[in-house]
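Trainee: I'd like to learn how to read a protein model. Please walk me through one, a feature at a time.

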Amino acid sequence: FRKIEKQFGLPPNDVATAVAAYLAGSYAAYTDVTLPDAHFKPLVAQMRRALQDDAQFAKASDATRQQMYEQLVTLGMLMTVTQLGLQQNPDARLNADMRAAGGNYLASFLGVPASRVHISAQGLEEASGFKLTPGLVHRAMQAIVVGDVLQTVLLRTRPYEAVAIRR
């Protein structure tokens with residue numbers, strides 16, 4: 001991800017960049033379209049403004065910000081790289097799973113149906129009634145951290161289950 005930060009002239013370990021990467025990756029997975037480079041930097045700027053206006057984010061420790069950065073970048077890049085891989089090696093089932101995951105990430109993070117979200121050269125847009133507020137961004141980041149913790153707990157306790165759960 002450091003190459004991307006350098007390519008766009010963005011500071012390293014910037015949470016706004018990580019939020020933009022997460023949204024871009026989720027959007028790419030949901031729409032099955034690679035986000036044009038020209039749309040990324042305006043999205044970062046929009047996320048930076050939202051975070052600057054958030055009093056709770058301003059109080060976050062450096063360690064918390066670093067954790068947010070790492071989790072958001074990891075998820076965003078995973079979604080983007082998987083979507084790019086699917087363009088080269090199509091897999092209908094995985095594509096459907098990625099579309100569902102991207103849609104769920106967008107809906108959970110933004111609080112609106114993914115079908116109403118659009119990322120353009122102006123940044124994040126919504127069909128109607130959607131306003132990206134600092135509180136919304138902060139709550140969404142909290143939800144991601146909690147979800148990541150729950151996933152970690154699940155994966156760490158699964159080997160100790162008395163009866164294996166079949167899927």
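## Reading the model step by step

Mentor: Buried means under 20% relative accessible area, exposed means over 50%, and partly exposed is in between (1.4 Å probe, protein chains only). Keep in mind that this is a predicted model, where local features need pLDDT of at least 70, side-chain atom pairs count only at pLDDT 80 or more, and totals for chains, interfaces and linings use all residues. Residues are numbered from 1 along each chain as its sequence is written, and side-chain values use heavy atoms, with hydrogens and water left out.

Trainee: What share of the 167 residues in the protein is buried?

Mentor: Buried residues account for 39% of them. The protein exposes about 9,700 Å², and 56% of that comes from carbon and sulfur atoms. Those areas come from the Shrake-Rupley method with a 1.4 Å probe; for residues, only the protein chains shown count as cover.

Trainee: How many helices and strands are there in the protein?

Mentor: Seven helices and two strands. Both are DSSP runs, numbered from the N terminus: helices are H or I with at least four residues, strands are E with at least two. Going from the N terminus, the order is α-α-α-α-α-α-β-β-α.

Trainee: What span should α2 have, going by 1.5 Å a residue?

Mentor: The rule is 1.5 Å times one less than the number of residues. For the 17 residues of α2 that gives 24 Å, and its end C-alpha atoms are 24 Å apart, so the two agree. Helix α2 is also largely enclosed by the rest of the structure, because 16 of its 17 residues are buried. Just after α2, D32 takes a positive phi of about 60 degrees.

Trainee: Which residues does T17 touch, leaving out those up to four places away in sequence?

Mentor: T17 lies in helix α2 and is buried, at 0% relative accessible area. It touches F1, E5, L10, P11, F40, V44 and R48. Contact means heavy atoms within 4.5 Å. Across the protein, take the contacts with a separation of 6 or more: residues 24 or more positions apart account for 71% of them.

Trainee: Now rings, please. How many aromatic pairs does the count come to?

Mentor: A pair of aromatic rings is described by the distance of the centres and the angle of the planes. Rings of Phe, Tyr and Trp (its six-membered ring) pair if their centres lie within 6.5 Å; planes under 30 degrees apart are stacked, over 60 edge-to-face, and the rest tilted. By this rule there are four aromatic pairs. In one of them, Y22 and Y105 have ring centres 5.6 Å apart and planes at 40 degrees, so the pair is tilted. Y22 is in helix α2 (residues 15-31) and Y105 in helix α6 (residues 92-110), so the pair ties together parts 83 residues apart in sequence. Y105 is partly exposed at 28% relative accessibility.

Trainee: How is the pair of Y22 and F109 arranged?

Mentor: Their ring centres are 5.2 Å apart and their planes at 50 degrees, so this pair is tilted. It links distant parts of the chain, with Y22 in helix α2 and F109 in helix α6, 87 residues apart. F109 is buried, at 2% relative accessibility. Ring pairs link Y22, Y105 and F109 into a cluster.

Trainee: Which ring does the charged end of R65 sit over?

Mentor: The ring of F57, 4.3 Å from its centre. A charge sits over a ring if NZ of Lys or CZ of Arg is within 6 Å of the ring centre and within 35 degrees of the ring normal. Likewise, the charged end of R99 sits over the ring of Y30, 4.5 Å from its centre.

Trainee: And how many salt bridges does the structure hold?

Mentor: Side chains of opposite charge can pair when their charged atoms come close. A salt bridge is a side-chain nitrogen of Lys or Arg within 4 Å of a carboxyl oxygen of Asp or Glu. The structure holds two. R2 pairs with E5, with the closest N and O atoms 3.0 Å apart. Both lie in helix α1 (residues 2-7), three residues apart, about one turn of the helix. R2 is partly exposed at 44%, whereas E5 is buried at 2%.

Trainee: Which residue does R48 meet in a salt bridge?

Mentor: D14, at 2.3 Å, N to O. This pair links distant parts of the chain: R48 sits in helix α3 (residues 37-52) and D14 in the loop between α1 and α2, 34 residues apart. R48 is partly exposed at 26%, while D14 is buried at 15%.
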